[in-house]
Amino acid sequence: MARVYNFSAGPAVLPEPVLRQAAAELVEYKNAGMSVMEMSHRSKEFEEIIQSTEQLIRELMHIPKNYHVLFLQGGATSQFSMIPLNLFKKSKKVDLVHTGSWTKKAMDEIKHYGTVNMIASSEDKNFSYIPKLDKSKFSKDAEYFYICSNNTIEGTRFTAYPETGDVPLAADMSSHILSEVIDVNKFGIIFAGAQKNIGPAGLTIVIVREDLVGHAMDITPIIFDYATHVKNKSMYNTPPTYSIYIAKLVFEWLKNLGGVAEMQKINEEKASILYNFLEESSMFKSPIAAEDRSLMNIPFVTGSNDLDAKFVKEAKSAGLVTLGGHRSVGGMRASIYNAMPVEGVKKLVDFMRKFESENK
Ligand code: PMP
């Protein structure tokens, strides 16, 4: 079977050249005589892999020297508890903007250790927008200010970040890391599960400012203390070695393409092809406020469950797969991460146009 256009929200499409290179190196990696999967994480070859992976992400995101880059396991979900465990010192209070399912899960964990000061929420309109923030609600003594900068399920993203002064800004960037240029200096901590824009599931990348490391609460398990991983260069225990290797290939691919600024232009082009069609279509609509629309996750609806189901089924037969919306929201969703070619989005829009004319 030929490769399809895969619009999955994650694990998601990877660049085809990366998969081909991984295939070529699968059985014997360079002169190692074995696969990266079979290699000790303490071997010279793997040391080189993890070091260049770190170097590449530092280059791509212009990560300043006073930030650590950690390669962890546990998924983005692990950070919902690791952040409070590591950052809570006194007030045990977190300022948070509630924008959907992923901030709900983060809140549930924070409440195990402290309190949430909800600065704003978009729950009133089904999380279809990013709320405006009233600075007078920000707490001076918050341990950190938490956002999910791109909401994978709902399809919203922050286009400007809150100015939080001395309070560190923590962002879940799982579904849009490396898709647009961001200023790392604005953040105390950035984290992302790999399985969207970075590589296979199993790897979680944490970018944390150095002054936030080394103050974990006494109850923190050693494995959840950032200091453990900083001290051991992400080798306290076995890191997800193969996922790190694929991340390295993805970063090389992105660098060759011109880096994040170039990628952003392509992502803006891809998203506008789909959003422009949604504006002109009389069948398909975007439920999301125009100014807050994600470049990566694009939900759309027809207004009829039957028609939605028919669309997803027929699209699949046409080689456009995983277009069903998240089980909590229904409708459709096209996730068009970095590795989705412009061609894939054009094919999707052509198919939507045809479907619309056939189902008037
Ligand atoms: N945050 C966001 C924004 C996500 O999209 C996801 C996964 N889809 C998660 C957190 C959870 O990630 P994981 O499954 O790696 O724990």
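Is S234 buried or exposed? The points below take up this question together with the sheet, the helices and some local backbone features of the model.

1. The structure is a predicted model. The opening question concerns the loop between α5 and α6, where S234 lies. S234 counts as buried, because its relative accessibility is 4%, which falls under the 20% limit for that class. Its phi is near 60 degrees, a positive value in a residue other than glycine.

2. K233 is placed in the loop between α5 (226-231) and α6. This residue is not a glycine either, yet its phi is positive, at about 50 degrees. K233 is exposed, because its relative accessible area of 66% lies over the 50% limit. Most residues other than glycine have a negative phi, and most peptide bonds are trans.

3. The peptide bond that joins G10 and P11 is cis, with an omega of about -10 degrees.

4. The model contains an open sheet of 7 strands with mixed pairing; its order is β2-β10-β9-β8-β5-β3-β4. β2 (67-72) and β4 (115-121) are the edge strands, each of which pairs on one side only. On average, and with direction ignored, neighbouring strands of this sheet are turned by 20 degrees against each other.

5. Several pairings within the sheet can be followed residue by residue. β2 and β10 run antiparallel and are joined by 6 bridges; L72 has T204 in β10 as its bridge partner. β9 and β10 also run antiparallel, with 5 bridges joining them, and the bridge partner of F191 in β10 is V206. β8 and β9, by contrast, pair in the parallel sense over 3 bridges, and D172 stands opposite F191 in β9. β10 is mostly covered, with 5 of its 6 residues buried. Helix α2 lies across β2 and β10 (204-209) and runs at about 130 degrees to β2.

6. Helix α2 (residues 44-61) also meets helix α6 (residues 241-256): their axes come within 9 Å and cross at roughly 40 degrees. That angle makes α2 oblique to α6, and the crossing is left-handed. On the α2 side the contact is made by F46, I49, I50, S52, T53, L56, I57, E59 and L60, and on the α6 side by T241, I244, Y245, A247, K248, F251, E252, L254 and K255. The residues of this contact divide into 11 nonpolar, 3 polar and 4 charged.

7. T241, one of the α6 residues in that contact, counts as buried at 12% relative accessibility. Leaving aside residues up to four places away in sequence, T241 touches V36, H41 and F46.

8. G188 is placed in the loop between β8 (169-172) and β9 (189-193). At 1% relative accessibility, G188 counts as buried. Not counting residues up to four places away in sequence, G188 touches Y67, P168, L169, I207, V208, R209 and L212. The C-alpha atom of G188 is separated by 18 Å from that of M107, a residue 81 places away along the chain.

Note on methods:
Residues numbered from 1 in each chain as written. Predicted model: local features only at pLDDT ≥ 70, side-chain atom pairs only at ≥ 80, totals over all residues. Heavy atoms only, no water. Axes fitted to C-alpha atoms, helices over the stretch in contact; angles between N-to-C directions. Helix = DSSP H or I, 4+ residues; strand = E, 2+ residues; numbered from the N terminus. Parallel < 35°, antiparallel > 145°, perpendicular 65-115°, else oblique. Left-handed = near helix turned anticlockwise from the far one by under 90°. Contact = heavy atoms within 4.5 Å. Nonpolar A, V, L, I, M, F, W, Y, C, P; charged D, E, K, R; others polar. Buried < 20%, exposed > 50% of the residue type's maximum accessible area, 1.4 Å probe, protein only. Pairing = 2+ DSSP bridges.
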